[in-house]
Every structure is written in structure tokens, then in C-alpha cells.
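User: Please examine the model shown below and answer a series of questions on its packing and pairing.

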Amino acid sequence: QGETMARLVEEGIWDAALLHRVVRAQAARFADGLEGLMTEQLLRALEGRRPLDPWIRFARAEVWHRRGEWEAAVALYRALLEESLEDPRAELRLGMVAESRAAAGSPEALQEAAWWYRAYRDRAPLDLLGLRRWVEACEALARQGVAAAACAGSAAGRRELEDRTEDRALVAQLLGIPVERLILGPNLVENGGFEAWAEGGPVGWSWSDMSNRPPWDPGLFLGGAEELDAYAGRRAARVDGLWVAREEGREAARAGYWAAKVPLQPGGLYLLSFAYRTDLAPGAWVGVWVSDRPEVLFAGDRPLPDTGGAWRRAVLLGWNRAAEGTIAVLLRLWGEGTVLFDEVAVREVQGADPAALGALSFPILVLR
């Protein structure tokens, strides 16, 4: 299989970007057991044909990392960094390995984790995952009475993390009301953190694949759980768009996860928030759909900004102007690339005067 994949690129049937998407998807899904050994052999075969391609080696390091072979993973991550790999995620992964070693009984490894997380944060300041990992590692060290040089400024990092993840203050600011007046109701989305999975899918969510039949373009999409790069808890939802074709007269192919329906209160103001991370091919994009009625929050797909490989949070405010209304959050990828979703919430916003907010243009989207 590895030899064939390399030849597909050499003969111009695939391009390198498609090869990398397939390799990343395989490393994420097939790292353990016999499948993991087969994936490792596939990657070695690809390396033999493409020795100058760092992303094949990065995928092999990730396979080792995912199945707990930390020493081998660290050696390869370090080698890639020494070769000036442009993507800083090797530093993030080295921090993750060190943190795992600390949890397994090597407390001194936590200082190493903080050092790698700080290095990653310096190179990827927008990534909430790197910020969160660094701050939490430093706070754990402080509880142990350890003053690590890598933790200088971590108190300011905690304030930044709270500013970028605390929705109540942001909503109050957007609406121009005191935060003390604002109440956010409970999360109405079942399993919004994608913690519970059954039969290959997240509980309370449905897989939506709009491709390969009229009126949609041909394409190949995969969905599944992502544990290594989850933002908030143990798992995130992962969508891989490996390949998409364009055919005249057809709609663009897309796929993603659809939450169970949520009834809304008449005239209610609602907050929709979630974390997401994108690695997109040119022309691809990520969108969120809630209803087909403009008076029920918003109609159709709302495009989201490309995060460039960083975990960020989208916060949307919208009205249910209908006497009755139901939404079903649909998060999906249009085209080729990878997107991860986590920490999805729909909450009713209470304490705002509808009459005073008539001048605002809804929905409001903020990327944090």
C-alpha cells in the first residue's frame, strides 16, 4: 500500500497534499495493535520513496506517540525540529509526551512539559490548546512549590485564557449591559464535549455525509474521535476530507456532525459556542448550520474563519424571532482538509432587554 501511494504521487494521480491528508488520517485512526504495526510499515515504505518528506516521518512519530512508545516518538520529534520543520506542533507533542511521563510517575518531567509548551506558545500564540496546556502545567508546578523559568508570565497567560474562554463577559460586552445582569442558561446540546461515543460515533450526534450522489459532488470523508489533540476533554470530533471532485451542475461535497434537535423559547436570545481547529486545502471551508429559517437564529451555513492549525473558539449570538423554533447544530467541512470540533454549547441568554438591542445586527460572530 505504501509503495502504491508513493507511485500515485510520482505518476501525478495524487498530489503531495492528498498523500499527507491520507497519512494523517491513517495515523490518527490506526495507531494501535496490528493495524498500528501495519500503519508503521506503510509509513516506512513511503519514507523509502520520499526520504525528504518530513510529514511522513511526523506521522510515524505520531503513531508511536498515540500508542505510548514515548522514547521513540520523542527522538523523532526532536530530529524533525532539528531539521527546521516549519510546523511548531512537534514542540506541542513533545510537551504532551513529557506531561504523560509526569502523570506516569516522573514528576520532574512536568518542568520539561512546561518548557515545551512555552516554546510552542511563543510560536503559535493563537492556539488555545497550547495556552491551556502551558498554564495548567505551570499551575501544577506551583502547587508542588516548583518555580520553573518556563512559567514566567503564566499568571498573565491564565488571564488571557479566561478572557478568551469566558463567554458571559464577552456577551455582556457585545450587548452593552453589565455582566452582573447577564445569565447564561444550561447547555442544551447533549454530549457537547464529545466525551461519550458508541458504535463509532458520538452519542447524541449523527454523521452527515453529503457526497457521492445527486445533487452532491463525489468525495471521500471520514469521521471519528480525536484523542491526542482534543481541546477540552478526552475526545474531540474529527472530520477528514481526503478527496473531493467538482462536477458541473452539482453542489459542493461536505460532511460533518449533526446534533439532536433543540427547541427554543419564543423571542429568546441564544449563544452558540464551540472550539474548532482547521487544516484546510485551498478552497475548503468550515461552516455551522442551525436552521433553514432566518428568524430562527440564522438560516443556512455560516462560514467560519480558517484557524490555520490553531484551536480557537467561535461564539455566535442570535435571536429566535419565531413563535416556535427548533435548531439542530450541524458542524461540517466543505472540501478537503481536516477539522476538529469540541466543547459545543447552546445556551439561552437572559438579562438583555430586546427593545434596547434592536439596533444590533444578528447573528453576531466572534472568533476568540
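Analyst: A nonpolar core is a set of buried Ala, Val, Leu, Ile, Met, Phe, Trp, Tyr and Cys residues joined through side-chain atoms within 4.5 Å. Buried means under 20% relative accessible area, exposed over 50%, and partly exposed in between, with a 1.4 Å probe and protein chains only. This is a predicted model, in which local features need pLDDT of at least 70 and side-chain atom pairs count only at pLDDT 80 or more, while totals for chains, interfaces and linings use all residues. Residues are numbered from 1 along each chain as its sequence is written, and side-chain values use heavy atoms, with hydrogens and water left out.

User: Which residues of the largest nonpolar core touch the most other members?

Analyst: Helices (H or I, at least four residues) and strands (E, at least two) are DSSP runs, numbered from the N terminus. The largest core holds 35 residues, and those touching the most other members are Leu-272, Phe-274, Ile-327, Val-329 and Phe-341. Among the elements giving two or more residues to this core are strand 7, strand 9, strand 14 and strand 15 (337-350).

User: Which residue stands opposite Trp-334 of strand 14?

Analyst: Two strands pair if DSSP finds at least two bridges between them. Strand 7 (residues 254-259) and strand 14 (residues 330-334) run antiparallel and are joined by five bridges. They belong to an open sheet of five strands, ordered 4-7-14-10-11. The residue opposite Trp-334 is Arg-254.

User: Is Ser-211 buried or exposed, and which side chain makes a polar contact of 2.6 Å with it?

Analyst: Ser-211 lies in the loop between strand 4 and strand 5 (219-226). Its relative accessibility is 2%, so Ser-211 counts as buried. A polar contact is a pair of N or O atoms within 3.5 Å; within protein, one must be able to donate a hydrogen and the other to accept it, and residues adjacent in sequence count only if both atoms are side-chain atoms. The partner of Ser-211 at 2.6 Å is the side chain of Asp-209.
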